[in-house]
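Dear colleague,

Please find the structure that I am handing over to you below. My notes on it come after the display.

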Amino acid sequence: MLSQDEIDRYREEGYLHLRGVFHAAEVDELREACTQASLRRELTERGYEERIVFLHPLTTKHPAFKAVGADARIVERIAALLGPDIQLQQSKLATKPPKAGKGAFHWHQDFAYFPHTNTDLLAVFVMLDDSTLENGCLHVAAGSHKLGLLDHTKDGRFSGGVSDAARCVDPARVVALEGKAGDVTIHHALTLHASFNNRSGRERRGLIYQYRAADAYQLDGRVFDDSGWQVRGCAPERIRCEAGTLPVYKRSYNGREFDIAWHQEGPAAKAWAGTEVRKLKPGAARA
Ligand SMILES: O=C(O)CCC(=O)C(=O)O
């Protein structure tokens, strides 16, 4: 359970650092799961020695990763922040390349990647290695979740990073989330965060579980095999919408452009896009 002080701090600062949530033996088991041949192969194919790699959907890759996704030490705590009904939105292994000077990830808000009808979403980061400045620990801009959704475009396209980091990130409020393997950090989906190059020569691994209040309905971005896994409570009978407007982006993934509203356009409608439509003369529909 989170204390009232932790809940208040999360609301104010947009992040929390919980120390020693997973024991050494549990961390060892999770590290062991990272050594399985299929996962190492995927990492190699994705060039993990040169760049930061995110392997989705983590919960399907080993039972130990799935168990963490529904672990009461996480889920019961975040129920104090998201409410009783919670779904996983995505899960991934995040690896920083061991090669020194690689693996930076720009300032961004997670919500820009997968807007929902409300902003009750958060990321849980489980440290598999001690996280330090040297190996590229996560940094958050405290209080930045209160800025609302910021622009993430460059030349009119979704860029993955906040457009004007110099203006949006207050250096006085940047916190480096240094911690020990087994620690857990939580950040709000609107909290600006980034991580910098790994200078250690060793891998830096973390498990990232993104959760949402079950009544937050995904409007855009990728859907994974484990998206929508109900880890606590019930599936919603109603969707909750926050007033406001959301930008619509052209996005690409692995060099392939895909459209927004991924789940609202059938394949036939997609195929017909841009083809000639027979125009009715004014009044013809009533004739
Ligand atoms: O793994 C990291 O250091 C960065 C991860 C991150 O920012 C994200 O997944 O949103």
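The notes below cover the ligand, the sheet beside it and two further regions.

This is a predicted model, in which local features need pLDDT of at least 70 and side-chain atom pairs count only at pLDDT 80 or more, while totals for chains, interfaces and linings use all residues. Residues are numbered from 1 along each chain as its sequence is written.

The ligand is surrounded by a shell that includes Phe 105, Leu 138, His 193 and Ser 195 (a residue is near a molecule if its C-beta atom, placed from the backbone, lies within 6 Å of it). Two or more residues of this shell come from each of β11 (193–195) and β12 (204–213); strands are DSSP runs of E with at least two residues, helices runs of H or I with at least four, numbered from the N terminus.

An open sheet of four strands is arranged in the order β4-β11-β6-β9, with antiparallel pairing (two strands pair if DSSP finds at least two bridges between them). Since β4 (105–108) and β9 (174–176) each have a single partner strand, one side of each edge strand is left without a neighbour in the sheet. Strand β6 (residues 138–141) is joined to β11 by three bridges, and Leu 138 stands opposite Ser 195 in β11.

After α3 comes Gly 47, with a positive phi near 75°. The peptide bond from His 56 to Pro 57 is cis, with omega near -25°, and Pro 57 lies in the loop between β2 (53–55) and α4 (63–69).

With kind regards
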